[in-house]
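Here are my notes from a pass through the model you sent over. Have it open in your viewer while you read.

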Amino acid sequence: MNKRILAVFDGEESYAYRLMDFISEKENVPFEIHVFTKADIFFSYAEKEEIECLLISESAYQQEVEKLKIPHIIILSENGNNLNRALCHINKYQSCENVLREVMEYYTEKVQDSGPVLRVGTKKMHIIGIYTPVGRCLQTTFSLTLGQMLARRGKTLYLNFEAYSGLGRMLNRTFKSDIADLAYYFSCAREKLFYRLESMVESINGMDFIPPAEVYHSLAGIRGAQWVDLFREIERVSGYEYLILDLSDSLLDLWEVLQNCDHIYTIVREDALAEAKIEQYERALEDMQYGKITEKTKKWNLPIFRQLPLHFGELTYGELAGYIKKEIFPDLFGHGL
C-alpha cells in the first residue's frame, strides 16, 4: 500500500523530530512522515510531491502555503495570533499522543476516500474475555493488569463494558469520545475504522484502550454479532495482537461475545453465594447450548493480596502482577498464544 504523505513543518527542530518519531512508531499509521524545518526546502519538496496533510507551526505558517495543492492543512497553534481561522488549529503544546489523536479525528471527518488500510502483521489477534457473575472480585483490576503486562509482549487493546466503570476518575482523565462512539462510527462508515481508532485510543502504561461508555444505555441496541464483527474488523485493520474484553452482564448477547473469545477467564470465590452464582451461570450455559463457553473457560480463585497499587498505571508491579506472571501467563502461552 502506498502511504499518503504527512508533512511536518516547524522551525523548532527538536519538536518536529520528536513528533515524527512518535507517529512513525505507531503501527499501521496510513501516512509517510516527512519533516521540514526550513521554508526553502519545504516549498521545493511541496512543488514536486503530493502532500496529503500538512502540520505546520504557527510561526512557520505563511500565506504562500495555501497556494500549494495540499488538501488538508493543520496549524500547530503556539500563541493564537494566526489570523486564518478558516484552517484547522491544534494546540502545539500538548502530548504527541493528543496531537495525533486530533489530527486523525480531523482527517477522518474531512477525507472522502480514506483508502484501504490493511493489517501489517500476520499474527492473529487473540481475544481474551474476562467475565464472572460474582461481584467485587477484582475483575477490572485483574483485566487491566493482564492487559498492561501483555502490552510488553505485543500491541494490546483493552475494552471495558461495565455500566459504570469509573475509569475516567480513577485515571484522572476526561474523554472526548468512548466505545459507544466507536460502535456508531463503525456502523456508519466501517471503511474509516482505523482512523476512528487512532482518534479515540488512549494509552496507559503501554496498553491502548477505548474509553468505556459514559452513558451505558447508548450501547443498549448493539447485538453480540455486531460486537464480534467490530472485533474482527479491528483485527483486520490494526496491529493489535491481544484484545482484552472486560465484560459484564450489561452487555447485550453476552454469551455470543464469550463464544467468540479465544480464552475466557472467570474469577471465582469460595463462599457459598459465589459458588451458587457460578453453578447457576454454568447451568444456564448448558441449557442454552453454550457449553463451548464452559470448555474454553479457566476459573481462577485469586488469593488475598495484602496490597494492591493505588494507581492503574502501577498495576504491573506488586502481588497481582506476580500472580499473573506465575499462573496466568503459563496458561496463556502454554496454549500456543
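1. First, the overall picture. This is a predicted model, so read every value here as computed from it. The chain has twelve helices and twelve strands. Its C-alpha atoms fill a box of roughly 75 × 40 × 35 Å along the principal axes. Of the 337 residues, 54% count as buried. If you look at contacts with a separation of 6 or more, 72% of them come from residues 24 or more positions apart.

2. Next, a helix pair. How do helix 6 and helix 8 pack, in angle and in distance between axes? Helix 6 (residues 179-188) and helix 8 (residues 224-237) pack at about 85 degrees, and their axes are 11 Å apart. Angles of 65 to 115 degrees count as roughly perpendicular, so that is the label for helix 6 and helix 8. On the helix 6 side you'll find Ile179, Leu182, Ala183 and Phe186, and they meet Gln226, Trp227, Asp229, Leu230 and Glu233 of helix 8. Sorted by class, this contact has six nonpolar residues, one polar and two charged.

3. Now the rings. There are 18 aromatic pairs in the structure, and I picked out a couple. Tyr107 and Tyr195 have ring centres 5.6 Å apart, with planes at 45 degrees, so the pair is tilted. Tyr107 belongs to helix 3 (residues 96-110) and Tyr195 to helix 7 (residues 193-200), so the pair ties together parts 88 residues apart in sequence. Buried or exposed, these two tyrosines? Tyr107 is buried, at 0% relative accessible area, and Tyr195 also counts as buried, at 2%.

4. Phe142 sits in helix 4 (residues 139-150) and Tyr265 in strand 11 (residues 263-267), so parts 123 residues apart in sequence are tied together here. Phe142 is buried at 0% relative accessible area, and Tyr265 counts as buried at 1%.

5. More on aromatics. Phe9, Phe36, Phe42, Phe43 and Tyr45 form one aromatic cluster. There are also lysines placed over rings: Lys155 lies over the face of Tyr240, 4.6 Å from the ring centre. Likewise, the charged end of Lys298 sits over the ring of Trp300, at 5.3 Å from its centre.

6. A couple of backbone angles to check. Asn172 has a phi near 55 degrees, a positive value in a residue other than glycine. Asn172 is in the loop between helix 5 (167-171) and helix 6, and at 72% relative accessibility it counts as exposed. Gln289 also has a positive phi for a residue other than glycine, near 60 degrees. Its place is the loop between helix 10 (272-287) and helix 11 (291-296). With 72% relative accessibility, Gln289 counts as exposed.

7. Last, a loop residue. Met125 lies in the loop between helix 3 and strand 6 (126-130), and its relative accessibility of 0% means it counts as buried.

Notes:
Residues numbered from 1 in each chain as written. Predicted model: local features only at pLDDT ≥ 70, side-chain atom pairs only at ≥ 80, totals over all residues. Heavy atoms only, no water. Axes fitted to C-alpha atoms, helices over the stretch in contact; angles between N-to-C directions. Helix = DSSP H or I, 4+ residues; strand = E, 2+ residues; numbered from the N terminus. Parallel < 35°, antiparallel > 145°, perpendicular 65-115°, else oblique. Contact = heavy atoms within 4.5 Å. Nonpolar A, V, L, I, M, F, W, Y, C, P; charged D, E, K, R; others polar. Phe/Tyr/Trp six-rings, centres within 6.5 Å; stacked < 30°, edge-to-face > 60°. Buried < 20%, exposed > 50% of the residue type's maximum accessible area, 1.4 Å probe, protein only. Lys NZ or Arg CZ within 6 Å of the ring centre and 35° of its normal.
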